[in-house]
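Please look through the structure below with the sequence at hand.

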Amino acid sequence: MAKKKAVIDERIAKATEERGVVILLKGNGKGKSSSAFGTMARSVGHGKKCAVIQFIKGRTETGEFKLFKDHPQIDWHVMGHGFTWETQNKDQDIEAAKKAWQLATELLSDASYDMLVFDEMAYMFKYRYLEIEPVVEALKNRPKDQSVIITGRVMPEALEEAADTISSIRDERHAFRLGVKAQAGIEF
Ligand code: ATP
Ligand code: MG
């Protein structure tokens, strides 16, 4: 135990840098968005200013949206009437993705925001609605103390290279496949 403690103490002593981080939450398991908003709640508890861009608008309002939308430390943006799961109009989706990205670039150059959550942003690259290069560039040039959390099942390689923390959530089992209906407070 003493040996273990010495190793950990040494690692703690080496981690001296103070700056914001880019966190990617990926994989097919459940827990990406809920982890992102849980971390944001943690920041809010410490008095930090946060913003959310939801790149995919679900069919139902989520509990986290209802809880956080009017919070004075949080700005919550839902991407237009663009991309949804039942998307019909590709041009309209691209237009909405570009608008959301425009907003994201503004947030990424505003040092008053401590934390940004880009929920389901990864889909924008998968469907080629957004190019990855300007996103990586903007992440690199963001204010030093600003942290960014991006969720999505599959992340582009360039985004992973730019990230500080990557957690992959593996799908071992999901109640849905046991026949349990999606429920408020668990799924959304
Ligand atoms: P959560 O919002 O619960 O943290 P998530 O962000 O990891 O989930 P998404 O890929 O965004 O997952 O999926 C959105 C919805 O699908 C959520 O309601 C989530 O509970 C559900 N879901 C996530 N993973 C699975 C899965 N493996 N099988 C079935 N449903 C899933
Ligand atoms: Mg999600």
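Apart from its neighbours within four places in sequence, Gln 54 is in contact with Trp 76, His 77, Val 78, Met 79 and Asp 119. The model is a predicted one, and the values given here are computed from it. Gln 54 belongs to strand β2, which covers residues 50-54. One of the contacts of Gln 54 is polar: its side chain and that of Trp 76 are joined at a distance of 2.8 Å. Is Gln 54 buried or exposed? Its relative accessibility is 10%, so Gln 54 counts as buried.

Leaving out residues up to four places away in sequence, Met 40 touches Cys 50, Val 52, Phe 68, Ile 74, Trp 76, Met 115 and Val 117. Met 40 itself sits in helix α2, made of residues 32-45. Because its relative accessible area is 0%, Met 40 is classed as buried. A residue can also be located by a distance to another part of the chain. Met 40 and Val 7 are 33 residues apart along the chain, and their C-alpha atoms are separated by 31 Å.

The next topic is the ligand. Around ligand 1 there are 13 residues, and the closest are Lys 30, Lys 32, Ser 34, Glu 120 and Glu 187. Which classes of residue make up this shell around ligand 1? Six of the residues are polar and seven are charged, while none is nonpolar. The backbone takes part as well. A nitrogen atom of ligand 1 lies 3.1 Å from a backbone N or O atom of Asn 28. For Gly 29, a polar backbone atom is 3.3 Å from an oxygen atom of the ligand. For Gly 31, the distance between a polar backbone atom and an oxygen atom of ligand 1 is 2.8 Å. On its own, ligand 1 has 570 Å² of accessible area, and the protein covers 81% of it.

Glu 120 is placed in the loop between β4 (115-119) and α5 (122-126). With a relative accessibility of 17%, Glu 120 is under the 20% limit and therefore counts as buried. A positive phi is also found at Arg 128, where it is about 60 degrees, and Arg 128 is not a glycine. Arg 128 lies in the loop between α5 and α6 (132-140). Its relative accessible area is 73%, which is over the 50% limit, so Arg 128 is exposed.

The last topic is charge. Side chains of opposite charge can pair when their charged atoms come close. How many salt bridges does the structure hold? There are nine salt bridges. One of them joins the side chains of Lys 5 and Asp 9, with 2.7 Å from N to O. Lys 5 and Asp 9 are four residues apart in helix α1 (residues 2-14), so about one helical turn separates them. Asp 9 is partly exposed, since its relative accessible area is 36%.

Another salt bridge is formed by Arg 19 and Asp 164, whose closest N and O atoms are 3.0 Å apart. This pair links distant parts of the chain, as the two residues are 145 residues apart. Arg 19 is in the loop between α1 and β1 (22-26), and Asp 164 is in the loop between α7 (157-162) and β6 (165-168). Arg 19 has a relative accessible area of 39% and is partly exposed. Asp 164 is partly exposed too, at 35%.

A further salt bridge is found between the side chains of Asp 70 and Lys 69, at 3.1 Å from N to O. Here Asp 70 is exposed, with a relative accessibility of 65%, whereas Lys 69 counts as partly exposed at 35%. Elsewhere, salt bridges that share partners join Glu 17, Arg 19 and Asp 164 into one network.

Notes:
Residues numbered from 1 in each chain as written. Chains lettered and ligands numbered in written order. Predicted model: local features only at pLDDT ≥ 70, side-chain atom pairs only at ≥ 80, totals over all residues. Heavy atoms only, no water. Near = heavy atom within 4 Å. Polar contact = N/O pair within 3.5 Å; in protein donor to acceptor, adjacent residues only side chain to side chain. Areas by Shrake-Rupley, 256 points an atom, 1.4 Å probe, with all protein chains shown as cover. Nonpolar A, V, L, I, M, F, W, Y, C, P; charged D, E, K, R; others polar. Buried < 20%, exposed > 50% of the residue type's maximum accessible area, 1.4 Å probe, protein only. Contact = heavy atoms within 4.5 Å. Salt bridge = Lys/Arg side-chain N within 4 Å of Asp/Glu carboxyl O.
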